[in-house]
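Colleague: I would like to learn how to read a few features of a model, one at a time. Could you take me through them, with the cut-offs stated as we go?

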Amino acid sequence: MSRLTIYRDNRQDSTVISNLFIDEYMKDANDAQIKVYIYLLRMMDARQATSVSDIADKFNHTEKDVLRSLTYWEKRQLLDLDYDNAKNLTGIHIRDLSACGDAKSPDHPVSSFVPMPTAEPAPSAPLPSMFPDKISAQSVTLEPTIYEKPSYSADQLREFKNRQDTAQLLFIAESYIGKPLTPSEIKTILYFTDVLHFSDDLIDHLIQYCVDKGKKDFKYIEKVAISWAEQGITTPKDAQKASARYDKNIYAIMNGLGKNGSPTAKELEYMTRWTKDYAFSIDIILEACDRTVLATDRHRFEYAESILSNWKLQNVQHKSDIFKIDRSYQQRRKNTASGTIQRQPANRFNQFTQNHYDFDVLEQELLSN
């Protein structure tokens with residue numbers, strides 16, 4: 001009986017992961033590193049191109065998370081990163097894990113029902129154009145993983161929880177998150193103090209900042225913390241300034257008032273009041289900015305504050321409310337103008353304040369004398 005050729009009409013819909021990776025490498029890697037490596041295997045098997053930004057979007061990580069993961073696996077000698085002359089990342093060579101072990105696994109015989117393939121297998125060369133040229137040299141500058149999160153033991157966690165000042169910090173965090181913290185979340189806070197060297201005030205501000213953005217996931221909070229550490233942020237004031245620099249609404253307001261550069265502390269205070277305390281949408285604030293620019297060249301933040309505080313008192317919630325206030329104001333001016341008595345032009349007879357006399361009373365006084 002002749003051998004049978006087995007084939008199927010669809011492409012391979014699976015990704016093979018080496019047992020050596022599961023047994024020796026996966027246990028020491030964090031969530032982002034594991035996801036990045038497995039996704040690279042999947043894309044290599046599918047012969048599809050990808051980029052740092054694509055991987056970051058895929059798993060809701062930052063591009064720096066992806067780059068740190070690639071560096072981690074390169075140090076573990078599971079892959080090689082290829083660069084061009086301009087130091088742009090252009091490709092990844094995923095190494096054969098069987099060559100990374102202590103001994104190579106023996107070749108497995110092919111099943112008698114499946115013949116050896118007639119075509120040459122695809123080479124395991126680096127993926128061409130895996131990372132497009134749009135990634136700049138600056139964006140792929142790989143930094144040392146100085147913020148690598150340790151694996152804290154139960155004893156270390158217990159010691160941290162027993163510190164005198166830790167109870168208050170954990171209570172504040174639980175108040176923001178709205179639930180008791182898990183051991184993993186407590187380890188993350190330990191990481192903030194132990195590795196990132198954040199003060200209690202900065203950790204307080206960090207968690208509040210993320211919760212205000214609707215993010216209570218500690219993985220997200222950890223990413224923000226690492227970003228702050230990389231920027232050299234050490235105080236809540238530094239964090240507030242840094243956040244303002246990356247807030248597109250802040251830039252829009254600054255441009256609306258004809259301002260360039262980063263806002264001062266006082267200007268940031270005004271804008272925070274308009275967006276947070278007054279809870280105005282950006283279109284209402286920009287309307288006030290337009291009116292301010294037309295009215296004055298000086299003290300524009302103060303002038304805009306007078307407009308917005310007045311709109312707040314009049315319960316403005318939408319831009320249409322502003323137009324109603326404008327129409328009402330114009331109508332009052334029109335009514336006032338139509339009811340005003342036309343004054344005579346001043347001359348030498350009427351330029352002084354005119355007295356009004358009761359001539360009947362005066363005549364009676366003259367007759368009685």
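Colleague: Which residues of H2 are buried?

Modeller: Helices (H or I, at least four residues) and strands (E, at least two) are DSSP runs, numbered from the N terminus, and buried means under 20% relative accessible area, exposed over 50% and partly exposed in between, with a 1.4 Å probe and protein chains only. In H2 the buried residues are Ala 32, Gln 33, Ile 34, Val 36, Tyr 37, Tyr 39, Leu 40, Leu 41, Met 43, Met 44 and Ala 46. This is a predicted model, in which local features need pLDDT of at least 70 and side-chain atom pairs count only at pLDDT 80 or more, while totals for chains, interfaces and linings use all residues. Residues are numbered from 1 along each chain as its sequence is written, and side-chain values use heavy atoms, with hydrogens and water left out.

Colleague: What covers the buried residues of H2?

Modeller: Contact means heavy atoms within 4.5 Å, and the cover includes helix H1 (19-25), helix H3 (52-59), helix H4 (63-75), strand E1 (79-83) and strand E2 (89-94). Tyr 37, one of the buried residues of H2, also belongs to an aromatic cluster with Phe 21, Tyr 72 and Trp 73.

Colleague: How many aromatic pairs does a search of the whole structure find?

Modeller: A pair of aromatic rings is described by the distance of the centres and the angle of the planes. Rings of Phe, Tyr and Trp (its six-membered ring) pair if their centres lie within 6.5 Å, and planes under 30 degrees apart count as stacked, over 60 as edge-to-face and the rest as tilted. The search finds 12 aromatic pairs. For Trp 274 and Phe 301 the centres are 5.9 Å apart and the planes at 15°, so this pair is stacked. Because Trp 274 lies in helix H12 (residues 265-277) and Phe 301 in helix H14 (residues 300-313), the pair ties together parts that are 27 residues apart in sequence. Trp 274 counts as buried at 0% relative accessibility, and Phe 301 counts as buried at 4%. Tyr 278 and Phe 280 form an edge-to-face pair, 5.9 Å centre to centre with 70° between the planes, and both of these residues are buried.

Colleague: Where does the charged end of Lys 215 sit?

Modeller: A charge sits over a ring if NZ of Lys or CZ of Arg is within 6 Å of the ring centre and within 35 degrees of the ring normal. The charged end of Lys 215 sits over the ring of Tyr 220, 5.4 Å from its centre, and Lys 266 lies over the face of Tyr 270, at 5.4 Å from the ring centre.
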